[in-house]
Amino acid sequence: VSAIAKPWEVQHKIAKLVADEFFDQGDLEKLQLNTQPIAMMDRERKDELPKMQVGFIDVICLPLYKVLSETFPWISPLYEETVENRKNWQDLAEKVEMGLTWIDHDTIDQPIEELAGE
């Protein structure tokens, strides 16, 4: 929740690191438990991450930071940065809908079984 209020470059990097960890967990669920992971842990749905981030911001982060900034005005910059990051995630979600990708080609594209073999 705190990372969503950081500057975009930092927030975007942290979100990708968290997503990679979630995808690794989903890969293990598929391999070891033979179950379908939830969407945010399913590497095959990685292009939905921007849309999921917008939902997370709308449902959890913005309401939280709004109440906090109303109670403690010095927290307002965190609310404002979260609003800006939401705009960036929404922009990425729209690009995905247009058939463009937002993912940098890094470890997020490699299932854990491929990484384990390296």
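A helix has an expected span, which is 1.5 Å times one less than its number of residues. Keep in mind that what you see is a predicted model. With that in hand, start with helix H1: its 26 residues reach 36 Å from the first C-alpha to the last, close to the 38 Å expected. Just after H1 comes Asn 34, which takes a positive phi of about 55°.

| Helix | Residues |
|---|---|
| H1 | 8–33 |
| H2 | 49–71 |
| H3 | 76–97 |

Now for the inside. In soluble globular proteins, nonpolar side chains tend to be buried together. Here the largest nonpolar core has twelve residues, among them Ile 4, Trp 8, Ile 57, Tyr 65 and Trp 89. H1, H2 and H3 each give two or more residues to this core, and H2 brings the largest share, with five. Cys 61 belongs to the core too. Leaving aside residues up to four places away in sequence, Cys 61 touches Ile 4, Phe 56 and Thr 82.

What about the outside? Val 1, Phe 56, Val 59, Ile 60 and Leu 64 form a nonpolar patch on the surface, with about 410 Å² of accessible area together. Leu 64 sits in H2.

Methods:
Residues are numbered from 1 along each chain as its sequence is written. This is a predicted model: local features need pLDDT of at least 70, side-chain atom pairs count only at pLDDT 80 or more; totals for chains, interfaces and linings use all residues. Side-chain values use heavy atoms; hydrogens and water are left out. Helices (H or I, at least four residues) and strands (E, at least two) are DSSP runs, numbered from the N terminus. Patches are made of residues with over 30% relative accessible area and no salt bridge: like charges are joined within 9 Å, nonpolar side chains (Val, Leu, Ile, Met, Phe, Trp, Tyr) within 5 Å. Accessible areas come from the Shrake-Rupley method with a 1.4 Å probe; for residues, only the protein chains shown count as cover. A salt bridge is a side-chain nitrogen of Lys or Arg within 4 Å of a carboxyl oxygen of Asp or Glu. A nonpolar core is a set of buried Ala, Val, Leu, Ile, Met, Phe, Trp, Tyr and Cys residues joined through side-chain atoms within 4.5 Å. Buried means under 20% relative accessible area, exposed over 50%, partly exposed in between (1.4 Å probe, protein chains only). Contact means heavy atoms within 4.5 Å.
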